[in-house]
Amino acid sequence: GRIISGVEAEKIGLVTRCVEDPMEEALKVAEEIAERSPDSVASTKELFQSTWVADEDACLRKETDLQMKLIGTWNQIAASGRQFGVKLPYYHGRK
């Protein structure tokens with residue numbers, strides 16, 4: 001293989017985008033993640049880790065299972081409210 005630049009990787013579709021300051025962008029993304037429901041973040045991580053080589057049906061079953069566990073929980077309600085500008089108290093610890 002050969003080493004390619006970030007710009008070339010973007011051109012050929014290996015990366016979504018390139019930015020001037022990767023550390024600044026990474027911190028912005030981390031702040032966005034930190035504002036989300038900790039349960040949702042953990043479920044997203046679990047979904048990715050457990051299905052990245054699974055077939056589509058298995059992926060959809062796992063996603064549905066994880067979503068059903070989240071719907072109606074305090075953290076899900078708080079996250080939904082925040083999306084609409086409603087300031088609810090802090091998230092509860094992950095279950």
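Is D65 buried, exposed or partly exposed? In this predicted model, D65 is partly exposed, with a relative accessible area of 34%. This briefing covers the salt bridges, the accessibility of their partners, and the largest pocket. The salt bridge count comes to five, and the largest pocket holds about 480 Å³ of space.

**Salt bridges**

- Side chains of opposite charge can pair when their charged atoms come close.
- R2 pairs with E8 in a salt bridge, with 2.6 Å between the closest N and O atoms.
- The two partners fall into separate accessibility classes: R2 is exposed at 61% relative accessible area, whereas E8 is partly exposed at 26%.
- R17 and E25 form another of the salt bridges, their closest N and O atoms lying 2.7 Å apart.

- K69 and D65 are joined by a salt bridge with an N to O distance of 3.5 Å.
- This pair qualifies because the rule asks for a side-chain nitrogen of Lys or Arg within 4 Å of a carboxyl oxygen of Asp or Glu.
- Both residues belong to helix α4, which spans residues 56-70.
- K69 and D65 are four residues apart, about one turn of the helix.
- K69 is exposed, with a relative accessible area of 54%, while D65 is partly exposed at 34%.

**The largest pocket**

- Rolling a probe the size of a water molecule over the atoms shows where empty space is left.
- The space in the largest pocket amounts to about 480 Å³.
- The lining comprises 23 residues, of which S37, S40, V41, T44 and L70 are the closest to the centre of the pocket.
- Four helices, α2 (22-34), α3 (38-51), α4 and α5 (74-83), each contribute at least two residues to this lining.
- Helix α3 gives the most, with six residues.
- By residue class, the lining consists of eight nonpolar, nine polar and six charged residues.

**S40 in the pocket lining**

- S40, one of the residues closest to the centre of the largest pocket, is located in helix α3.
- S40 is partly exposed, at 29% relative accessibility.
- Which distance in space separates S40 from A78? The C-alpha to C-alpha distance is 11 Å, and S40 and A78 are 38 residues apart in sequence.

Methods
Residues numbered from 1 in each chain as written. Predicted model: local features only at pLDDT ≥ 70, side-chain atom pairs only at ≥ 80, totals over all residues. Heavy atoms only, no water. Buried < 20%, exposed > 50% of the residue type's maximum accessible area, 1.4 Å probe, protein only. 1 Å grid on protein atoms, 1.4 Å probe; cavity = no way out; pocket = protein on both sides within 12 Å on 5 of 7 lines; lining within 4 Å. Points joined across faces, edges and corners; volume = space filled by probe spheres on them. Nonpolar A, V, L, I, M, F, W, Y, C, P; charged D, E, K, R; others polar.
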